[in-house]
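Colleague: I have a model open and want to learn to read its features. Can you take me through them one by one?

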Amino acid sequence: MPISATAEAPASIEATSLDERVERAAECVAPAWPLHSFVTANPLAGFEAWHFEDAVREAGSLFAASGYPGPDVLRAAWQRGDIDDKLLRCVLDQAGYAKSPKALLGWLKRKASSAPPASRVNGAEKRVNERLVKWLTVFLDEGQAEWPMPGREKGFYAAWRSLAIYDRQIPGREHLAGMPLSASAAIEWLIGDQTDLAQYELLRDQFAALPGWVGRIKQRIESDDAWQRDAPISLIDYAAVRLTLLYVMDEPLQARHDSSNDESEADRVAAGFERAWEQTYRDRLVSAIRASSEESEANNDDSPDAQWVFCIDTRSEVIRRHLEATGRHETFGFAGFFGLPMQYELDSADAAEPACPPILNPAHHIRDQVADGCETVGGRARQWHRLFRSGWRLVNDLKHNVGAAFHFVESSGPLYGIAMAARTLVPRKLRALRRRFGAHFPEPNHYCAPDLDGATACEDESLPVGLTHQQKVQYAAGALSLMGWDQFAPVVVFVGHGSESENNPFASSLHCGACAGHRGGPNARVLAAICNEREVRTDLKAQGFAIPEQTVFLAGEHNTTTDEIELFTKGTDLENTDRLQGIRQDLVTAQHGAASERGRALGTLGSSQAVRETGRRAGDWSEPRPEWGLAGNAAFVIGPRWLTRQLNLSGRCFLHSYDWQKDPDGSLLETICNGPMVVTQWINNHYYFATVDNAVFGSGSKVTQNPVGNIGVVQGNGGDLMTGLPLQSVAAGDDDAFHQPLRLTVVIHSPLGRVLEVFDKNQQLAQLLSNEWISVVALDPQEELTPRDVRQHLQDAALAVG
Amino acid sequence: MSHRVVSPMPESNGARLPRLTAVSSILVWSLFLAASVLLAWSVTRAEPVWQGPMLLIDGLTIVLWLAVSFFSGIVHVFSRRYMAGTRRIGLFFARLLAFTVCAAAFVAANHLLLMTLAWLGMGLIMAGLIGRVEGWRQAQAAKAFARRRFLLSAALLASGLALLGWLGGSWNVVEVLDWLASTDTPAALALVAVLLIAAAAIQCALIPMHTWLLSSMTAPTPASALMHAGFVNGGGILLTRFAPVFGAVEWSLTLLLVLGAVSAIAGKVLKSLQPEVKRQLGCSTIGQMGFMLMQAGLGFFSAAITHLILHGCYKAYLFLGVGERLHHHTPRAHREAPPITRFSSLIAGLALGVVGGWLFLVLTGKGLTGDTGLLLGLFVGLTVLHSTRDVLGNLSLPTAVRMLGVPLTFFPLIVIYALVFNGVRGVIGGLPGVDHPAALSPVHYIIGSVFVTGYAVIELGWHQNLAWLYVKLINLSQPAADTATVMKREYYAY
């Protein structure tokens with residue numbers, strides 16, 4: 001039964017202000033982050049108040065998109081046994097389809113080939129887009145063009161209006177001179193006589209016609225960054241330009257009313273397959289957890305030599321398993337920003353980057369400073385970075401210069417030729433060379449320490465620099481309690497993660513999502529530094545965290561391409577100790593295991609080759625698939641490690657540590673559900689939609705992508721901004737899907753009542769659950785882990801009350 | 001401890017590549033090896049290595065074989081990973097191979113008909129690569145647009161060469177050129193020159209025939225690399241082969257010079273407006289091809305050949321590495337060059353610029369007699385001048401680097417260029433008419449001052465607020481109709 005909050009929206013649109021109507025009309029488009037800070041968000045975020053199936057249908061007709069896996073993908077899953085046959089027949093039967101799965105798949109296939117989605121493109125919208133796209137591209141550029149659009153500081157509508165009068169590609173441009181000077185006056189003048197509802201529908205079509213650029217505008221407005229302040233654009237600006245174009249080009253100023261969507265029948269069948277597929281996965285996961293956890297719980301009492309905290313990222317599951325297998329290592333899962341809402345300014349960077357999930361706003365600005373004892377290496381590295389940057393800047397300058405470029409090309413040509421040959425023919429050797437060179441000029445992670453107290457001067461004063469003592473204690477205690485910590489080993493390592501790839505516009509989509517698409521090393525360093533402070537330890541002890549005197553907190557970074565874990569030990573007591581030596585050996589063993597397991601999914605066989613091959617992928621500029629990222633993600637397990645310790649979850653699960661016994665009032669669970677769980681749902685939906693319709697919800701094949709404006713990519717000769725993951729991130733080939741598009745299953749190890757309470761208290765979460773964007777299973781420890789469908793129980797409870 | 005496996009992901013077969021991809025890579029690299037051997041052999045003798053009714057293997061052929069097989073070989077190896085998993089990958093490699101064969105045949109053709117057919121073949125294959133994605137409407141429109149242009153250029157070439165063959169009474173390149181050297185210039189030769197220049201202008205995407213190039217980004221990235229490093233050079237090679245024709249029709253070189261200069265300047269200015277990286281690269285190619293034809297127009301055909309090879313390295317690299325071109329900038333970090341008015345750095349820049357230009361002229365032996373080579377020295381001087389101003393103005397650098405950086409990096413680079421240039425000239429120098437610089441004329445002074453003025457205007461930013469000019473240039477750099485994917489739904493990856 002759909003909860004159609006937004007379905008009723010048109011009615012409540014009456015008697016709203018223009019601002020509000022525009023805002024509401026644009027809700028159908030999700031914000032699009034710039035590619036340097038990729039965020040795997042739900043492209044249908046604006047529809048989350050709808051039932052999944054309604055949202056998919058509505059978005060399908062707005063964007064001419066598909067919302068379910070195609071018949072080939074479903075057939076493959078069914079034939080592989082990933083869709084349980086009995087379950088499938090049962091689900092289809094309930095939906096009223098008596099035919100066999102095979103017959104239904106054949107019918108779906110015929111249906112799909114008879115109506116290509118491109119036939120649903122609206123002519124007037126396309127004509128307007130053709131004239132608008134070039135202006136949006138130059139207005140929203142962030143420093144790629146040397147000669148920026150003139151007059152951007154006036155705002156989009158005004159800047160456009162003063163240029164468009166010269167634009168011979170706009171038929172009827174002579175009418176532009178008579179248009180009002182302000183954007184809202186223009187809208188009022190053009191459609192002020194229409195009813196509020198008609199206005200809303202017309203505006204919504206305008207936003208849905210160009211979802212890539214509109215998404216970019218939305219995120220730019222939300223972030224209110226320096227670019228937006230220098231060249232402001234509003235949704236009203238966009239709408240005014242579009243409507244003006246419609247007007248001068250003599251196109252009708254009214255919403256298109258599509259003939260009703262006849263895809264719905266095919267969608268219903270596909271939805272049946274999808275549900276059966278998800279149910280199969282869920283059943284297998286839950287029963288495996290139940291079967292294995294009994295023995296696991298029993299032998300869980302040995303005291304570990306080292307404890308490791310990894311990000312909840314699905315890739316951590318693999319490396320954790322292999323690390324645990326090497327010895328007495330205990331591992332935990334925690335959001336990879338380690339609970340620190342901050343922006344971080346790396347020593348080598350021009351600007352601070354956000355280092356917390358996009359659902360939070362950074363509250364602190366933390367900077368690198370050269371660590372004690374690292375002055376020599378730090379000074380050398382800094383000088384090198386500066387020289388390198390200046391050199392690149394000069395090269396760029398020369399390339400663009402009218403007088404200088406011609407000879408520059410000739411005198412640098414031989415170097416480009418050599419570099420091209422080396423990068424193409426010997427990528428692995430080149431990487432090895434770079435690493436050897438990098439040992440002398442290391443990354444800031446290796447010679448810097450976070451300036452926790454904000455002692456160094458900082459130009460950007462929008463945020464407090466550094467942390468107070470209370471804040472340090474609060475963040476440390478928050479992190480430790482959320483993980484349900486019992487006892488502390490002599491070494492505790494916080495491990496952030498980042499990916500390594502070359503020539504990859506989507507590099508940030510492979511970094512840590514919890515760190516806003518950046519590497520997680522700095523966050524790990526900050527938390528480790530906090531926990532090593534003597535005064536913080538004293539206060540933590542007072543709060544009941546018995547951290548032994550000799551325990552050392554370390555930071556590290558997991559390279560998710562090669563599965564290598566780097567430890568940042570410079571300046572710590574552990575440097576050059578035997579203990580550290582042993583740990584490093586275990587890390588190498590774990591790397592071999594994890595790399596060969598993950599290599600299998602990339603087509604590499606044999607563990608001896610695997611590490612070599614991942615190194616090649618990390619350093620090869622012709623590699624469109626350096627790693628699989630979070631592809632395959634399907635479930636989020638909230639509970640202690642012993643629950644899943646015996647299982648190989650194939651890198652498909654997010655794992656968050658949680659001990660229900662340390663959370664009597666359910667507040668920790670509530671935090672996990674509101675934070676990490678929502679983020680995993682975003683990631684899961686992003687992968688889902690980018691897989692089922694890569695043209696509309698993804699960014700298409702890397703092979704024909706064209707980077708634009710330092711913010712994203714377009715396809716081929718330009719057009720709408722492509723948002724979302726590229727085809728190569730979710731598919732092994734054009735005809736070879738890889739990611740399995742399953743909606744997220746959340747498994748929570750906690751008494752059912754407490755879970756119900758959390759969902760009851762948080763309407764947004766309840767909405768996600770009851771609208772089937774996610775499924776939640778509670779494994780009640782007080783009832784021998786009997787699985788409980790939380791959606792069912794929530795509905796029953798609502799009925800009982802009702 | 002063994003773990004129980006839960007719902008594993010399907011194992012990938014690692015996108016197996018058809019055998020053709022390996023075969024064609026091996027063939028192309030074999031051509032590279034063969035050309036290297038031939039090069040070593042050919043420098044020891046003055047005569048062409050081989051001269052038959054169909055093929056002519058001389059210095060120019062060998063140098064260009066080396067270049068085309070190098071670019072194609074790199075693109076092959078790159079594509080084996082980059083294109084893995086794409087549909088019809090065998091066809092893609094077949095096209096790469098066929099293009100390489102056509103290009104190799106073109107530079108070795110001794111028969112006018114073979115030359116025309118190879119030219120046509122290169123065009124049709126390139127059009128096929130532009131339209132590689134069959135289900136993508138915009139790619140098909142771009143393919144059709146490019147193909148129309150290439151057919152036109154092939155028609156122009158065919159008529160030019162037919163006329164030339166008819167006048168000279170032979171279909172053989174060498175015989176026709178021999179005839180030309182031994183006779184008074186017939187009036188109809190002017191028409192041949194114009195037809196050849198027109199064919200080259202289309203292939204080199206000179207303005208106003210540039211739109212096909214700016215609409216060609218539907219081609220896979222490695223195919224674009226091959227297009228910008230190989231295909232567009234066809235025009236320069238054609239003109240070099242028939243250099244005596246232009247030597248005989250004096251004003252045709254001036255025409256070439258002016259055409260080239262317009263595209264050189266316009267290409268660079270158009271580039272400065274583009275937020276799309278591939279379109280920037282396209283505009284840059286227009287400019288560089290313009291410059292290459294300018295060099296030819298100045299009478300330095302061997303400099304033009306050197307330029308198109310070095311530009312090929314540069315542009316292929318930038319295309320293959322196009323994924324690196326996304327950086328997080330802040331508006332303030334988007335640096336402004338030190339003002340041209342800063343006196344000290346300007347003086348230092350001018351001084352080093354003159355030294356650099358002089359070094360270039362001495363090492364390459366150009367312009368020493370006060371001919372058009374001086375104009376080429378001017379461009380070297382501008383490069384050094386600009387770098388000096390930039391480096392001196394960069395206060396974040398240590399003083400030693402600021403003072404010595406430019407002489408220590410740019411002067412060696414000029415030496416390397418001179419080595420390459422002298423090498424190319426040494427190998428192809430025996431060709432008729434490839435090196436005959438003209439005396440400086442008013443046209444040359446005008447063009448020289450246009451570039452210097454352009455440099456100053458852009459440094460001062462005077463053009464930046466000319467709204468009408470901005471709009472005109474933006475529209476001039478738009479791709480052809482319906483080749484941009486303005487509706488996401490029309491994008492189709494296969």
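Predicted model: local features only at pLDDT ≥ 70, side-chain atom pairs only at ≥ 80, totals over all residues.

Colleague: Which strand joins E7(A), and over how many bridges?

Modeller: Strands (E, at least two residues) and helices (H or I, at least four) are DSSP runs numbered from the N terminus. Two strands pair if DSSP finds at least two bridges between them. Here strand E1 (residues 306–311) of chain A runs parallel to E7(A), with 4 bridges. E7(A) also pairs with strand E8 (residues 552–559) of chain A, in the parallel sense over 8 bridges. There, Val491(A) stands opposite Val552(A).

Colleague: How do I read the two faces of a strand?

Modeller: In a regular strand, side chains alternate between the two faces of the sheet. Buried means under 20% relative accessible area, exposed over 50%, and partly exposed in between (1.4 Å probe, protein chains only). One side holds Val491(A), Val493(A), Val495(A) and His497(A). The other holds Val492(A), Phe494(A), Gly496(A) and Gly498(A).

Colleague: Which strands form a hairpin, and how many residues lie between them?

Modeller: E18(A) and E19(A), with 5 residues between them. Glu784(A) in the turn has a positive phi of about 55°. Strand E18 (residues 774–780) and strand E19 (residues 786–789) of chain A are antiparallel, over 4 bridges. Asp780(A) stands opposite Thr786(A).

Colleague: Is Leu655(A) buried or exposed?

Modeller: Leu655(A) counts as buried because its relative accessibility is 7%. This residue lies in strand E12 (residues 653–656) of chain A. Contact means heavy atoms within 4.5 Å. Beyond four places in sequence, Leu655(A) touches residues including Ile312(A), Phe334(A), Phe636(A) and Leu649(A).

Colleague: And what about a polar side chain, Gln591(A)?

Modeller: Gln591(A) sits in helix H24 (residues 578–601) of chain A. At 11% relative accessible area, Gln591(A) is buried. A polar atom of its side chain lies 3.1 Å from the backbone oxygen of Thr562(A).

Colleague: How is the size of an interface given?

Modeller: It is often given as the accessible area lost when the parts come together. Buried area is that loss (1.4 Å probe), summed over both parts. Between chain A and chain B it is about 11,800 Å², with 63% from carbon and sulfur atoms. In chain A, Trp147(A), Phe406(A) and Asn717(A) lose the most area to chain B, together 9% of what that side buries. The contact takes 140 residues from chain A and 131 residues from chain B.

Colleague: How many salt bridges cross the interface?

Modeller: The rule finds 6. A salt bridge needs a side-chain nitrogen of Lys or Arg within 4 Å of a carboxyl oxygen of Asp or Glu. One of them joins Arg81(B) to Asp620(A), with the closest N and O atoms 2.4 Å apart. Helix H17 (residues 405–425) of chain A gives the most to the side of chain A that touches chain B, with 19 residues.

Methods: Residues numbered from 1 in each chain as written. Chains lettered and ligands numbered in written order. Heavy atoms only, no water. Buried area = accessible area lost by both parts, 1.4 Å probe. Polar contact = N/O pair within 3.5 Å; in protein donor to acceptor, adjacent residues only side chain to side chain.
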